[in-house]
Amino acid sequence: MTVTLTEVRKVYGSVRALDGVSFRLETGITGLLGPNGAGKTTLLRCLATVLAPDTGHLDVLGLDPDRPDQRTEIRRQMGYLPQEPGFYRNFTCFDFVDYLAILKEHVDRTERHAEVRRVLELTGLADKSTTKIRKLSGGMRRRLALAQALLGSPRFLVLDEPTAGLDPELRFRFRELVTELAVDRVVLLSTHQTEDVSAICDRVIVLDSGRVRFDGTPARLADIAAGKVWLAAERPASARIFWRMASGQFRAVGRPPDGAEIIDPTIEDGYVMLVGAAALGTETEAA
Amino acid sequence: MTWHVDESALGRYREGVIDRVAAASLEAHLASCEDCRRLVVFDHDWLKHSWDGVAGRVEPGGSGVVERTLGRLGVPDHVARIVAVSPALRISFLLAVVLVMGFAAVASGAHSPGGNYRVFLVVAPLLPVVGVAFAYGRLVDPAHELTMVSPIDSLRLLLLRTTTVLAVSITVGLVAWPLVPAPSTLGFSAWLFPALALTLTTLALSSRFAVWLAGSMVAGGWIVAMLFALSRGFEAFNTRAQIGFVALAALATAIVFASRHQYDREGSPR
């Protein structure tokens, strides 16, 4: 069960949203990181069969999304959570998911309703079944969007910012749910939350300016900043980025001064080194 | 708890031969007594199926006026739901159709005798085009992206919604038509064929452009063409013109069929 992209390109006017992206996804969770405008959403929309790439090839679970019959089959086997899912605000949670279940070919009413209840239960919305969507908080709407993505137990999950707007407890619950699902599924997770990537992803891909800048384990991404994260009592001049912590010390990422108190890097540090270097046009060891 | 179910009653209950009053009493006890519940052997799949069936009956869904009406007409519930969700079926659209048709009919009669019946013939075919433009697409359907990635055929969805829009528009038009002081030589096909031709042309253009844009192009083109034709004294609604509209509808249908795979994905197909 794999998803493969080969030299995928997508251009909007003069902007190269995707510029020759190639990688292969296998069973498990892959995190997709990147700054705003890096091409993450375009990439996810191509994989979700919303958008046709200009050139390059996609293979989703052995199927070709350029062929209409195979595209339909991909859609049967895929769950997709867009970055900005729209809702029918006057629908109840149940009716909304029920409607999307109909579109996903769950025709039998009894079986369909059982499936709707299952996904609402999974996302902790069972007690909100009869609540109108307009009355839901942003976090609940996010869970509702996730619920529809889980309809029919898809083999390939494309999740764009699934934890945006979720409180910590729900984020933990989401991690629990996705890690359970990923045992026998391909999950691609775009996020700005590097904690999510550290916590649940087997692999991380960093996209920047439409290109893959990094593809490896979260530990390897963190290693990019090894020896480049330190604590300082004063505002550090040589840091690429720094902030003051509750202790009053500064945590800095960049080129440490002699004798600096070096600490272990996180993947956020590695990400800052990687994408920061790209933004500044300077070399890093990892680049 | 002072009593428990005796074995013989339980046996009769299991076999389904217990009388209804005794069964109700026994079930009331089972609901509150875990020890006795353990003695009742049941098929888990059967129980789950039964509960799903009960929940399916009592849960919300399909309660809107449109869905109920379609249900009574024999339309399957999942199709009724798809049709009812159409943004074009909002009350605002229905009101707009009634008001515009009514206004066009009244305006057509305002300058009788001789009549300015052409006002109706120009306006009426536009209404289904506007309805279709508001029936499908990112700008008008908040859940469009989720709809697009579902396995249901996007063209089928668009056609279902178009059919609904046409049904509403044509019904209202048929009601309004007798108010229009048109010559007796003109039947209601004088606006029906243009309406079908413009709607199908909108669908055909939607294989290349967003539906709202296709609708705008068709509506704009129609208005310009009618202003030109009427200002030059061309007869735009006689039999010959109607044959032309039928031909346009046929051509548009052929284009829709040929482009049927281009409705369900954004970007230029390769």
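This is a predicted model: local features need pLDDT of at least 70, side-chain atom pairs count only at pLDDT 80 or more; totals for chains, interfaces and linings use all residues.
**Figure 1. Overall build of chain A.** Chain A contains nine helices and 13 strands. Its radius of gyration is 21 Å, close to the 19 Å that the globule rule gives for 287 residues, so chain A is as compact as a globular protein of that length. Along the principal axes, the C-alpha atoms of chain A fill a box of roughly 70 × 45 × 35 Å. Of the 287 residues, 46% count as buried.

**Figure 2. Domains of chain A.** The chain is divided into three parts, listed here by residue range.
- Domain 1 of chain A covers 3-77 + 154-216.
- Domain 2 of chain A covers 88-146.
- Domain 3 of chain A covers 221-280.

Taken over C-alpha atoms, the centres of domain 2 and domain 3 of chain A are separated by 44 Å.

**Figure 3. The open sheet 2-1-4 of chain A.** Three strands make up this open sheet, in the order 2-1-4, and their pairing is antiparallel. Strand 2 (15-25) and strand 4 (55-60) of chain A are the edge strands, each pairing on one side only. On average, neighbouring strands of the sheet are turned by 20° against each other, direction ignored. Eight bridges link strand 1 (residues 3-12) of chain A to strand 2 of chain A in the antiparallel sense. One place to look is Arg9(A), whose bridge partner in strand 2 of chain A is Asp19(A).

**Figure 4. Strand 3 of chain A and its two parallel partners.** Five of the six residues of strand 3 (residues 28-33) of chain A are buried, so this strand is largely enclosed by the rest of the structure. Strand 3 of chain A pairs in the parallel sense with strand 7 (residues 186-190) of chain A, over five bridges. Here Thr30(A) stands opposite Leu188(A) of strand 7. Strand 3 of chain A also runs parallel to strand 8 (residues 203-208) of chain A, and four bridges join the two. In strand 8 of chain A, Val206(A) is the bridge partner of Leu33(A).

**Figure 5. The open sheet 11-12-10-13 of chain A.** Four strands form this open sheet in the order 11-12-10-13, with antiparallel pairing. Its edge strands are strand 11 (239-244) and strand 13 (261-262) of chain A, and each pairs on one side only. Strand 10 (residues 229-232) of chain A is joined to strand 13 of chain A by two bridges, and the two strands run antiparallel. Trp230(A) stands opposite Ile262(A) of strand 13 of chain A.

**Figure 6. The hairpin of strands 11 and 12 of chain A.** Strand 11 and strand 12 (residues 250-254) of chain A pair over five bridges in the antiparallel sense. Ala239(A) stands opposite Gly254(A) of strand 12 of chain A. Five residues lie between the strands of this hairpin, and Gly248(A) takes a positive phi near 100°.

**Figure 7. The side of chain B that touches chain A.** In this view, 30 residues of chain B are in contact with 34 residues of chain A. The elements of chain B that give two or more residues to this side are helix 4 (44-58), helix 6 (77-84) and helix 10 (144-148). Helix 10 of chain B supplies the largest share, five residues. By type, the residues on this side of chain B divide into 12 nonpolar, 10 polar and eight charged.

**Figure 8. Helix 6 of chain B and its packing.** The buried residues of helix 6 of chain B are His78(B), Ala80(B), Arg81(B), Ile82(B) and Ala84(B). They pack against elements of both chains: helix 3 (93-103) of chain A, together with helix 5 (65-72) and helix 11 (154-176) of chain B.

**Figure 9. Domains of chain B.** The domain assignment gives domain 1 (7-58) and domain 2 (65-262) of chain B. The C-alpha centres of these two domains of chain B lie 56 Å apart.

Conventions
Residues are numbered from 1 along each chain as its sequence is written. Chains are lettered from A and ligands numbered from 1 in the order in which they are written. Two residues are in contact if their C-beta atoms, placed from the backbone, lie within 7 Å. Ala, Val, Leu, Ile, Met, Phe, Trp, Tyr, Cys and Pro count as nonpolar, Asp, Glu, Lys and Arg as charged, and the others, Gly among them, as polar. Two strands pair if DSSP finds at least two bridges between them. Axes are lines fitted to C-alpha atoms, for helices over the stretch in contact, and angles run from 0 to 180 degrees between N-to-C directions. The radius of gyration is taken over C-alpha atoms; the globule rule is 2.2 Å times the number of residues to the power 0.38. A residue is buried if 20 or more other C-beta atoms lie within 10 Å of its own, exposed if 12 or fewer, and partly exposed in between; C-beta atoms are placed from the backbone. Domain bounds come from an automatic or database domain assignment.
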